[in-house]
Structure formats: structure tokens, C-alpha cells
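Please walk through this protein with the model open beside you. We start with strand pairing and end with pockets.

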Amino acid sequence: MARKPIIAGNWKMNNNIAATRQLVSELIPVVADAVCDVVICTPYTSLAAAVEACKGTNIHVGAENVHWAEKGAFTGEISADMLVELGVEYVIIGHSERRTYFGETDLTVNKRMKAALAKGLKVILCVGETLEEREAGITAEVVRRQTKIAFAGIDNEELDNVVIAYEPVWAIGTGKTATSQDANDTIAIIRACMAELYCPRCAEERVRIQYGGSMNAKNASELMAMPQIDGGLIGGASLKAEDFGKVIHF
Ligand code: PGA
């Protein structure tokens, strides 16, 4: 059984409501015939507009984070129920910008994963090494640790609801892409880790692993041609319909 490719845009802190409506209206015709799953992850304030604008299309909407508690004294946070109520389907968890600037740890990533899955959201889990870690030769250890802790306590049945995004931190927003071979090799390490945690067949057939980090219209086809790479998490190149359309049609 072939793994269906999935391309997701990570808008980060870009696009207010008006810009969201505009970009979605441009995207709809461009991605209508996509053979992959198409997702856009928007800021919280644009989610309702995105869900409304994407109704009846092949574009799925995701958030960029979620808190693990159902409710309570967590100023500035958003619960899974709140996202589900809006009609949001996906959520990015553990993005390196969250880990680097906002103190997210492997443990908080795991808590957020469990809460999101329990409420029926599909998770895009980000893992990836920093430049120092790569240069120290510990990429494999880092992505294995991040993967193992993220999936602690998560049942086999949930695997169809998780996509992993391998995003080397040094490649995000820098214009530096991992070579397709490097990306493929590290994704193979993550897949082997999932085989150990669950089963070889689960990892082979049910776990989709994206590459992310300066993936764009120019390099998408080479990356997507690699056997381990099942899609992309796209930052900068997801902000223009033409660019995102080219990535979608890798
Ligand atoms: P980039 O971002 O495509 O702009 O490098 C990717 C990401 O951070 O998800």
C-alpha cells in the first residue's frame, strides 16, 4: 500500500483574515486537481475564515499549536476542543520555532500530541536537529529521542492520524535545504524508530513523513522523488498561491 503524499503550508505569523480569504480563493483552483492531501495551517485568528473559505474544497485546515489541558488558567493558550469547534482538522505540534523561542520540550510536545489526538485532531509532529547537533554527529540520536518521547503513550490505532515532519532546524527559512539524500536518510532513521516503537509494517504503510525546511517550487520534485519522503511542510513558499501550487504539483 503506497503512502499518500501530504503537502502542508505553515503560514506561521502571516495573513490576517482578509489576506487569508484572498490567498485561499487563489489556492482553490490551483490545487483542485492535486493528487496529494493539501493542508494549510494558519494563525488562530484566521482559522475560522480559512475553514469557511475551504468548505467544499480539497484544502484541509490546521492550526499551528494546541494546549494539552481541556480548559483553565493557561493565558494565551488554545484547547483542542476550541479548534474542533471551529472545524479545524489538523494541528502542527513541536515546531522548532515553538521549541526554540517558546520553551517547548519533548515532554510538552507529547502532552499536546495526546490531547490533540484524544479530541480527533490530526497531528503534524515536527522533529529535527539543530546545526550544532548535526555538526556534532548526533542527528540520529536527536530525532530518535524526539520521536520516542513524542509518541510515548500513543496507541497504534492513532498512527493514521499523525504525520511526522522532519525539519532540520538549520534549513528552516534559511534558503538552505538538506540534500534530498540527507533528508531521505534521516527520514529513514525516523521510520526505523517508528518500526521499533510500533511495528515494521505500521511504519512502512501508515506513517507519512514529510520533509520541511526551505522546500519550494524549485526543489520539491527532487525531494518528493526520494522513496522515504512522503510530503512537505512548507513555510515561505506556502504564502503565494503560485509557489504553493507548484510544490503541490511536485
Ligand atoms: P520554510 O519553513 O519553508 O520557510 O523553511 C518551513 C517550516 O518552518 O515549517
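Strands β4 and β5 (residues 122–127) pair in parallel through 4 bridges. Pairing requires at least two DSSP bridges between the strands. Strands here are DSSP E runs of at least two residues, and helices are H or I runs of at least four, numbered from the N terminus. Opposite Ile92 sits Ile124 of β5. This is a predicted model: local features need pLDDT of at least 70, side-chain atom pairs count only at pLDDT 80 or more, and totals for chains, interfaces and linings use all residues. Residues are numbered from 1 along each chain as its sequence is written, and side-chain values use heavy atoms, without hydrogens or water.

Strand β3 (residues 59–63) also runs parallel to β4, joined by 2 bridges. Ala63 has Val91 of β4 as its bridge partner.

Now look at the faces of β4 (residues 90–93). Side chains in a regular strand alternate between the two faces of the sheet. Tyr90 and Ile92 are buried on one side of β4, Val91 and Ile93 on the other. Buried means under 20% relative accessible area, exposed over 50%, partly exposed in between (1.4 Å probe, protein chains only).

Turn to the pockets. A pocket is an open set of points on a 1 Å grid over the protein atoms alone, where a 1.4 Å probe fits, with protein on both sides within 12 Å along at least five of seven lines; lining residues have an atom within 4 Å of a point. The largest pocket has a volume of about 490 Å³. Its 17 lining residues include Lys12, Met13, Glu64, Arg98 and Phe102, the closest to its centre. Helix α4 (residues 96–101) gives the largest share of that lining, 3 residues.

Conventions: Points joined across faces, edges and corners; volume = space filled by probe spheres on them.
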